[in-house]
Amino acid sequence: MSTTDERPLASADEPESPTNRPRSMHLVKQWLQRPYVRRLLWITVAITAVIIALSFVMVGFMNMSGGPGSAIMNEIEKTMFVLTFTCAPLMAGTLAVLTYSWWGGWGSVASGDEPTSDGPAIQTNGVAVVTWITVCSVLAAFLVVWGLVELATITSDSYGSVPANQQPNSAKPVVVNVTGQQWLWSFDYPDSGNIKSAQLVLPINVPAYFNVTSLDVVHSFWVVEEGVKIDANPGAITNTGFTPTKLGTFNVRCAELCGLHHAYMETKLTVVTQEQFTSWIREQGGTTTS
Amino acid sequence: MSTAVAIHEQAHVPQPKQISNPGGFLRRTNFLTALVSGVVTAAIFWFATDKITSAVTGPGATNNMSLPSGLNISITMMYIGWVLGFMAGIGAFAGPIRWFLGHDLTHADAEYMAGKDMGREKFWKFTTDHKVVGIQYLVVTLILFGFGGLLAMLIRTELGATWTEVFNPNFYNSIIGTHGIVMIIAMIIVISGPIGNFIVPIMCGARDMAFPRLNALSIWLLIAAIPPLVSNLLMGGIRDGWTVYQPLADQAPIGMIGYQVCIITFAFSTGIASVNLITTIVRMRAAGMTWSRTPILVYGILGSAIMGLVWFPMYQYSQILALSDRTLLTSFFVPASGGSVWLYENLFWLLGHPEVYVIVIPATAGVLEYLPVFVRKPLFSYKLAVAGIFGVVGLSAVVWVHHMYMTGWAPQSNYPFMMSTEMISIPFSFLVLVMLGTMWRGMPWKRLPMMAVYAVVWNKVIGGITGVYLSDTPVDQYMHGSMFVVAHFHYMLMGAGLFGAMGVISYFFPKMIGRYLDEFWGSVGFWTAFAGFQVTFMSMFVAGLQGMPRRVLQFDSLFNISNWISTIGAYVIGIGMLIFLYAIVDSWRNGIIAPDNPWGGKTLENFTSTPVPHENFPVLPVVTSGPYDFGTPDPYELADDAIMRKTEGAEKVSARS
Amino acid sequence: MSDSTATEIGRTLSSTTGEMVEVTGSRDKLGVWMIIVSCTTGTIALLVSYAYLWSLNVNSAWAPTSGSANWAPVWPFWVIFTAMFIATLIMWNGYRGLCSGKVAAMKSAALLSSLLLLGAFVAQIFQIARFPFGPADGAYASATLWLAIANGIWLFLAVFLAMAIFNRTRAGRVTPENPNHARLVAMFLTYLCVAAFLGSVFTTVMQDSPNTQSPPFGTFSQ
């Protein structure tokens, strides 16, 4: 029985002393004893750790301008973590094989030489194929289910399917009509006497619903730290919404190229307390209902 | 109407009457006559249309966006005149006219048109030999990348100079759109053009493609399509991204017409090329080359051609209708008169999504094709690779709405399209498994094509995970329209696509040109560009995560640092690509002469001489085995078999995979 | 190998490649099918544009804006389609005749077919010129106009193809042993008929938009 030098010597599982373990476990254990398999697994673990650490860095970048400012943005960040954690092992395994091959873990032939022998004639490996397809399908299915559930959650936050008397503070939602045009945003508050404003002001913990349209070309209404975005289309009305959970000043940007001054089509969202909001409305000449 | 030159088979077939000298009208046509004819026809069309429209519509007729539509019509006719004149001047109409009159090509005509014994001149003419067309595509592709790359340097200069506006916003908006479409066109043709035309017929064991005259037609239509596109920058620019969303595109000056005529023409070029590739691959493989012995590159190009064939007319019609809105004042995309922006977006993305697979699949299949040669092992699970390619081809048709999650078009549709988008990652993962499985336990031969594989896998992993983020609608609600998207698609199309194409081209370079690509300078250029690429686009991910929108030339100071870093990285890419270009040009003239089988491969092109003779093979080959017959028996399996034989005594050992 | 006739072994050979015409014919057939697939997507783009704008009625501007009831009369669509349909049938008939040896049948069929298609082309131009609306008169006008223009362009190509078959039959290039080009043209004409049929159905059946409540442009009132 002459083999390559990497084969381990006879172990307790050698057929001379048969055990009760199923044959497939024996095969897996044997496979795990190949040196390169162990090294690949360690590299995979290390890279997985790096990827998971990077996900915190990524979300950190997302929060640099003051977010998260709403439950929707929190969900988005949670989803970033979940997506990264679940995909990390597969990514890491791929990069591990890449790294190991490149570093010459299985040997290599220098660029100036000619290859003198062939590698092992592995046409396919049923176990590997089935395992891979199963893992990828399960992962994809999980991503789909997670995504669908998240989408439903965010949609209900955005379009106000929660009845008014279940809102925090039992507050009536604020409706804002958003008009995009080249190159500015304007906001109307139809329930407050139709006041118009170039800045978006909202009270904290009160759901805000937006009707969005455009007077000319396609714009995109993006309230960055609140995690909502919807195109402003000419000839149509689109909807979005969120409940601000953090006081402060945030960014509203246009996210669809709309011409000469697209880069400057920004304004601010200011989230204030309910009292400040009411006095702001009065200052703009509007009427406040209780 | 196949006019493939078949030296030995046709010598004794009665010929139709030889009308004039062999080649007929095509004896007098070349690139120069095409240029002159194009310019003259353009001028005539413009002048005539101008006169007619001012007589008919009078001064002051306007379209919906305050541009005089008469000018639009005459500029449109000018560009159409350019295309028609150019094609007439290269001799493209000779074929249909001869067919109509019944003056079919004789053997001598066909040989003339295939450029037999013609020297360098054949590259400047309407030559049908697929090897000539392949070289023409290679040169055109390099020129397009050069132009697109120059625009990229300008873009990054603007974004890096955060303290000022280097260009005025209209020009900046035009160069980002032009950069985008030039690069997209170049990436669509980079593998299917040079490799699909030059290598695939030889790899299939044929003498030429199925429709050689259509082959020449497709390259010359592509060449005709480029000046209208490039000229846009001189005519006010397109002032829009490469997606030229309506109704913003309607506000653009007449430069937009150049874009639209370019796409309409390019769509014909691509469609014709796809027909040619599909028919060649399906009908002209050598005897014995069954579908299970067909090289994976051929499958990849077949899948890409099918997608292009089926979906390109959507894009073409979106531009035709947009042009109609501008010139005839129709209202397909003008909401005030009944048009819909969502109609435009749907027509566009119905092609727009399959298009990225048109780009990525040939590059991936090309890498899979040569990887076995460099690890000297069979391609791992060949059938899985084929399944992966066709899974992607099939599913690519039902994911397009993920580009429109945020348009508000049909919010309920976000659910099924998110599902289909996640699902398409599964067949794509098959291709990754095949790549990994082929690398597994193989000893890589560290030449440039092999090193490109590592670059491709790395970029694909990063592009892939960022694609997973974007495919999730809630996350896309943050990421859409930000620089995160820009970095993602550059990782896929450039990182996996272009670097893969560079590997594929360096692999087939010896066979096509007759000399090896300079290993040292090629590698220096490649890795310099790769390093610059990581810096540029990793930093761009950061800018996107921080909340920087795309297609903006000025932005919040929060994004300054990531833009400075990206710009430095971009200059490094530029240097690297120039070095790679130098390697190509220098090797073309002075490289090491390549033998018949430059890398020890087993596909058919390695069994004819280098350079490839005019008729490809003196005798058409017969295939008796698959193309990845490498490898020695696996020592682990032998050992396991020995143990099993020992334990199970006389029990027969069943054959492993 | 003797070369006195191209049919010495009972098979006809193509004069440009020396291969059997069945081989080149099967390639040509696949090529034409691929072209038809691509053209189908284009037709679908126009039909989808028509249907989508009909269903949306953006800004209530689907119907022709230059006066009421300015829909295009429906009968010209069907007349043109019928002419195309008959021309296609004639071409198929001629092809069948050709396959059983009657070259004259193919010649007359191709000629008749091209004259009918020419008539259809002229009729198409007349229809476009006589539409009771202009291109700037709303979405229905735009979509109908382009269905008609596209059909006109295809008809122009069809006339060329049918005349070419007539010519080639006269010149002896289309023969009972080598009838493939006639078949391919007939296939393509069939596709054109399907496209014309669908366009005629859409313009006949989908006139008034079902959406009567589209929001006025630029406002939030519903």
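**Labels and the values behind them**

Analyst: Pro611(B) sits in the loop of chain B that runs between helix H20 (560-590) and helix H21 (635-647). Keep in mind that this is a predicted model.

User: What makes the peptide bond from Thr610(B) to Pro611(B) cis?

Analyst: Its omega is near -10 degrees. Trp183(A) is in the loop between E1 and E2 of chain A.

User: Why is Asn616(B) called buried?

Analyst: Asn616(B) has 0% relative accessibility. Buried means under 20%, so the label holds. Asn616(B) lies in the loop between H20 and H21 of chain B. It is not a glycine, yet its phi is positive, about 70 degrees.

User: What is the phi of Arg376(B), and why is that residue called buried?

Analyst: Arg376(B) has a positive phi of about 50 degrees, and it is not a glycine either. Its relative accessibility is 15%, under the 20% limit, so Arg376(B) counts as buried. The residue is found in the loop between H12 and helix H13 (382-395) of chain B.

User: How do you know that Glu75(A) and Lys78(A) form a salt bridge?

Analyst: The N to O distance between their side chains is 3.8 Å. The cut-off is 4 Å, so the pair qualifies. Both residues lie in helix H3 (residues 71-102) of chain A, three residues apart, about one turn of the helix.

User: What makes Lys172(A) and Asp191(A) a salt bridge?

Analyst: Their closest N and O atoms are 3.9 Å apart, and the rule asks for within 4 Å. This pair links distant parts of the chain, 19 residues apart. Lys172(A) is in the loop between helix H4 (126-159) and E1. Asp191(A) is in the loop between strand E2 (184-189) and strand E3 (195-197). Asp191(A) has 37% relative accessibility, so it is partly exposed.

User: How do you know that Arg447(B) pairs with Glu519(B)?

Analyst: The closest N and O atoms are 3.0 Å apart, which is within the 4 Å cut-off. Arg447(B) lies in the loop between helix H15 (425-439) and helix H16 (448-471) of chain B, and Glu519(B) lies in helix H19 (residues 519-546). They are 72 residues apart. Both Arg447(B) and Glu519(B) are buried. Shared partners also join Arg253(A), Glu266(A) and Asp556(B) into one salt-bridge network. Over all chains the count is 14 salt bridges.

User: How many salt bridges cross the interface of chain A and chain C?

Analyst: The rule finds zero. It also finds zero residue pairs in polar contact there, with both residues at pLDDT 80 or more. By class, the side of chain A that touches chain C has five nonpolar, six polar and no charged residues.

User: What makes chain A and chain C an interface at all, in contacts and in area?

Analyst: 11 residues of chain A are in contact with seven residues of chain C. About 690 Å² is buried between them, and carbon and sulfur atoms give 74% of that area. In chain A, Leu215(A), Gly235(A) and Ile237(A) lose the most area to chain C, together 61% of what that side buries.

User: Why is Leu192(C) called buried, and what does it touch?

Analyst: Leu192(C) has 3% relative accessibility, so it falls under the 20% limit and is buried. It is in helix H5 (residues 180-205) of chain C. Leaving out residues up to four places away in sequence, Leu192(C) touches Met84(C), Trp154(C) and Ala158(C).

User: Which residues touch the most other members of the largest nonpolar core?

Analyst: They are Tyr189(A), Leu200(A), Phe210(A), Phe221(A) and Met87(B), in a core of 323 residues. Helix H12 (residues 341-375) of chain B gives the largest share, 22 residues. Beyond its neighbours within four places in sequence, Phe221(A) has contacts that include Val178(A), Trp185(A), Leu200(A) and Phe210(A).

Key: Residues numbered from 1 in each chain as written. Chains lettered and ligands numbered in written order. Heavy atoms only, no water. Contact = heavy atoms within 4.5 Å. Buried area = accessible area lost by both parts, 1.4 Å probe. Polar contact = N/O pair within 3.5 Å; in protein donor to acceptor, adjacent residues only side chain to side chain. Nonpolar A, V, L, I, M, F, W, Y, C, P; charged D, E, K, R; others polar. Core = buried A, V, L, I, M, F, W, Y, C linked by side-chain atoms within 4.5 Å. Buried < 20%, exposed > 50% of the residue type's maximum accessible area, 1.4 Å probe, protein only. Helix = DSSP H or I, 4+ residues; strand = E, 2+ residues; numbered from the N terminus.
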